[in-house]
Amino acid sequence: MALPKDIANTVLVQVYKHLPWLGSRWARRRRFVEGQGVPWAHLAKPLSESVVALVTTAGVHLKSHEPFDMDDPDGDPSFRAIPSGARGDDLVITHKYYDHSAADRDINVVLPLDRLRELLAEKRIGGIGPFAYGFMGHIDGPHLRTLVETTAPEVARLLKQDGADAAVLTPA
Amino acid sequence: MGLIQRAIEAEGIPTVGISILKEVTQKVRPPRALFLRYPFGHPLGEAFHAAQQRTILSDALSALETVTQPGTILEPGYRWRRHRFE
């Protein structure tokens with residue numbers, strides 16, 4: 001049987017989905033790690049010659065991966081490397097803090113690998129990085145530091161190794 | 001998500017992020033963002049709407065070539081379930 005706190009979470013997820021102003025209010029009141037300056041890198045070559053990689057915080061991973069930790073209220077700062085050839089049937093979403101029913105039916109709602117393949121076929125981009133990287137959002141407390149100091153820079157280095165010229169990030 | 005984006009950009013890889021919470025994006029300040037007034041869980045739009053998803057992804061990619069001011073938030077203004085994507 002579902003625990004009362006799980007039911008409360010399910011209700012909240014729906015309330016936030018249908019009342020976007022609530023999310024805005026939450027964002028205004030909550031403190032975030034605010035950016036000092038803005039990092040900047042130039043696209044070195046035209047988009048049509050650039051290798052593009054996807055990174056998502058929507059909790060997507062391969063079915064064979066270990067799921068993200070849903071028991072820790074501060075979230076899970078780890079990531080999963082998803083081969084870019086993965087199809088919807090290979091993937092699953094572990095994330096209880098948003099309504100992913102649409103993305104469960106069509107993963108492109110949060111991780112548009114099929115659309116990226118189409119843009120490659122149209123030569124709008126030059127290539128697709130060998131891996132997409134999946135995080136779950138909703139990271140808080142001590143895990144924020146792990147994300148900022150360890151796992152996010154690690155993914156940045158992996159993208160470099162992958163030969164990615166640009167990255168597109170998608171939230172939940 | 002913006003924190004991850006900033007880390008990737010800091011490594012020398014240009015990035016663009018889709019945003020559905022502008023207030024968060026304004027605070028975290030990623031280098032380039034495409035903001036959509038869409039419900040949580042739908043950054044590329046509706047399920048099985050390939051034209052919509054492709055347009056949004058394409059808009060995000062365009063930002064990599066067109067944005068010159070760090071911290072720019074682009075707003076194409078698509079209305080949820082109202083805009084007709086070709």
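**Contacts, burial and strand pairing**

Modeller: Ile139(A) touches Asp74(A), Gly75(A), Pro77(A), Leu144(A) and Leu147(A), leaving aside residues up to four places away in sequence; contact requires C-beta atoms, placed from the backbone, within 7 Å. This is a predicted model, in which local features need pLDDT of at least 70, side-chain atom pairs count only at pLDDT 80 or more, and totals for chains, interfaces and linings use all residues. Residues are numbered from 1 along each chain as its sequence is written, while chains are lettered from A and ligands numbered from 1 in the order in which they are written.

Colleague: Why is Ile139(A) called buried?

Modeller: A residue is buried if 20 or more other C-beta atoms lie within 10 Å of its own, exposed if 12 or fewer, and partly exposed in between. Ile139(A) has 24 within 10 Å, and is therefore buried.

Colleague: What makes S7 of chain A and S1(B) a pair?

Modeller: Strands pair if DSSP finds at least two bridges between them. Three bridges join S7 (residues 166-170) of chain A to S1(B), so the two pair, and they run parallel. Val168(A) stands opposite Val16(B).

Colleague: How many residues of each chain are in contact with the other?

Modeller: In chain B, 47 residues are in contact with 57 residues of chain A. H3(B) gives the most to the chain B side, with nine residues.

Note on methods:
Two residues are in contact if their C-beta atoms, placed from the backbone, lie within 7 Å. Helices (H or I, at least four residues) and strands (E, at least two) are DSSP runs, numbered from the N terminus.
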